[in-house]
Amino acid sequence: MKRAALLLLLLAACRQEMDEMPRHEFYEPSDHFANGMSARPPVPGTVARGDDLSPVPDEIPGPVTRAMLDRGQERYDIYCAPCHGIDGRGHGMVVQRGFPQPPSYFDPRLVAAPDRHFYDVITGGYGAMYSYAARVTPADRWAITAYIRALQFAQSVPVSALPEDMRAALETER
Amino acid sequence: MPQIFPEAANGIARLVLWAALVAVLGLVALSVLLPRSDMFTGQDRILAQPVPFSHQHHAGGLGIDCRYCHAAVEQSAFAGMPPTETCMTCHSQLWTRAEMLDPVRQSLATGTPLRWNRVHDLADYVYFNHGAHVSNGVGCTTCHGAVDEMPLMRQAAPLTMEWCLDCHRDPAPNLRPPEAVFATDWRRGSEAEQAALMGRYDIHPETMTDCNVCHR
């Protein structure tokens, strides 16, 4: 009986070593540093490999493609729509729960604002809005800007300027 | 010569033999069942967290996309945990006096990250990669269950090797089109649609069960 118990104990002991290796997985605590983190945050001003250091242009760089707009829409729906709403009028779900209401993108001031303004707001935040630079890459900031421009444009197009098939679809929907 | 064993010894001997057999079978059954039990796999376990964060409210009720908080999940092995700033994008203005959120505000003020306890934790000798699954059409809820209905996070799958292999042998029924990977209400398509997705992602199950896919 004793031996059987010992054997069981030995078997139990087998598991642990390989389950918990003496290395740090993501976010695993460590006692090397006072705050318990196993990784060091980068020093302020660190430039990552491949970072683009050229000055930020004032307009959306390069031609705006369908792929860029699709990407912009996807990123917008993830990071901006909770407050600005999927239509850009500023009635997102979080605003409905009491967050200060952001201005509508169809506000004449924002329609007239340069592309760079949207890029800068995403990068640095604006008033009650925090920065999204950590989660939205520079390329995606331009893609979102392009998508917001498309939203604004869509509001200003008269029905008569639509292609024939789109107009027909709109008429039947109404 | 007198008999050494009384007549009852026959019965006792039989009993001992049967008992030994039952014990051996029991041990075998135990060694098969125990590693698959919730106690060992951690399935359905709920851990105490510094803040009782509710996916039901945030992902379900408010409809916030997983990537708003788990921003690395598309490219990296690790899904990424939201830094305190991510909570504060909303809670700088909402529920600013709630006691429940004291640890979040303290974390921002002192610059000490919140320490979430890991719910899912594979053994260190297993390699897992979120990016490889998400970009090949395997959705969050396939592995993590109905996250949008969880007031507190729990591990919905056993995460045993058997469980991984069940899918790696035949991933077709679990594949989704790219736009549905983060959806919480995805429904499986027809058999032909599911099979077509295998071609779309160019997936070859022949090599997906090689040991060195997961043990490297």
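A polar contact here is a pair of N or O atoms within 3.5 Å, where, within protein, one must be able to donate a hydrogen and the other to accept it. Keep that in mind for the first point, and bear in mind throughout that this is a predicted model.

1. Start with His91(B), which sits in helix α5 of chain B, residues 84-91. The side chain of His91(B) comes to 3.1 Å from the backbone oxygen of Leu94(B), inside the 3.5 Å cut-off for a polar contact. Setting aside neighbours within four places in sequence, His91(B) is in contact with His58(B), Thr96(B) and Leu101(B). His91(B) has a relative accessible area of 16%, so it counts as buried, the limit being under 20%.

2. Now the interface. Chain B and chain A bury about 2600 Å² between them, with 60% of that on carbon and sulfur atoms.

3. As for polar links, 7 residue pairs are in polar contact across the interface of chain B and chain A, both residues at pLDDT 80 or more.

4. In one, Arg67(B) pairs with Glu74(A), the closest N and O atoms being 3.9 Å apart. In another, the side chains of Arg75(A) and Glu74(B) meet at 3.1 Å, N to O. That pair runs from helix α2 (residues 66-79) of chain A, where Arg75(A) lies, to the loop between α4 and α5 of chain B, which holds Glu74(B). Arg75(A) has 3% relative accessibility, so it counts as buried.

5. Arg71(A), Glu74(A), Arg75(A), Asp140(A), Asp65(B), Arg67(B) and Glu74(B) are linked in a network of salt bridges. Over all chains, the whole structure has 17 salt bridges.

6. Two salt bridges stay within a chain. In chain B, Arg154(B) and Asp44(B) meet at 2.9 Å, N to O. Arg154(B) is in the loop between α8 and α9, and Asp44(B) is in the loop between α2 (38-41) and α3 (55-61), so the pair ties together parts that are 110 residues apart in sequence. Arg154(B) is partly exposed at 28% relative accessibility, and Asp44(B) is partly exposed at 38%. In chain A, Glu164(A) and Arg167(A) meet at 3.1 Å, N to O. They are 3 residues apart in helix α8 (residues 164-173) of chain A, so about one helical turn separates them.

7. Two backbone spots to check in chain B. Leu159(B) has a phi near 60°, a positive value in a residue other than glycine, and lies in the loop between α8 (140-144) and α9 (161-169). Asp202(B) has a phi near 55°, again positive in a residue other than glycine, and is found in the loop between α10 (191-201) and α11 (211-214). Leu159(B) is partly exposed at 21%, whereas Asp202(B) is exposed at 52%.

8. On annotation, UniProt (unreviewed entry) places "domain: Cytochrome c" at residues 67-152 of chain A. In the model that span is 59% helix and 0% strand, and its end C-alpha atoms lie 18 Å apart.

Note on methods
Residues are numbered from 1 along each chain as its sequence is written. Chains are lettered from A and ligands numbered from 1 in the order in which they are written. This is a predicted model: local features need pLDDT of at least 70, side-chain atom pairs count only at pLDDT 80 or more; totals for chains, interfaces and linings use all residues. Side-chain values use heavy atoms; hydrogens and water are left out. Helices (H or I, at least four residues) and strands (E, at least two) are DSSP runs, numbered from the N terminus. Buried means under 20% relative accessible area, exposed over 50%, partly exposed in between (1.4 Å probe, protein chains only). Contact means heavy atoms within 4.5 Å. UniProt positions are given in the numbering used here, feature names are shortened, and annotations may be inferred rather than shown by experiment. Buried area is the accessible area (1.4 Å probe) that two parts lose on being put together, summed over both. A salt bridge is a side-chain nitrogen of Lys or Arg within 4 Å of a carboxyl oxygen of Asp or Glu.
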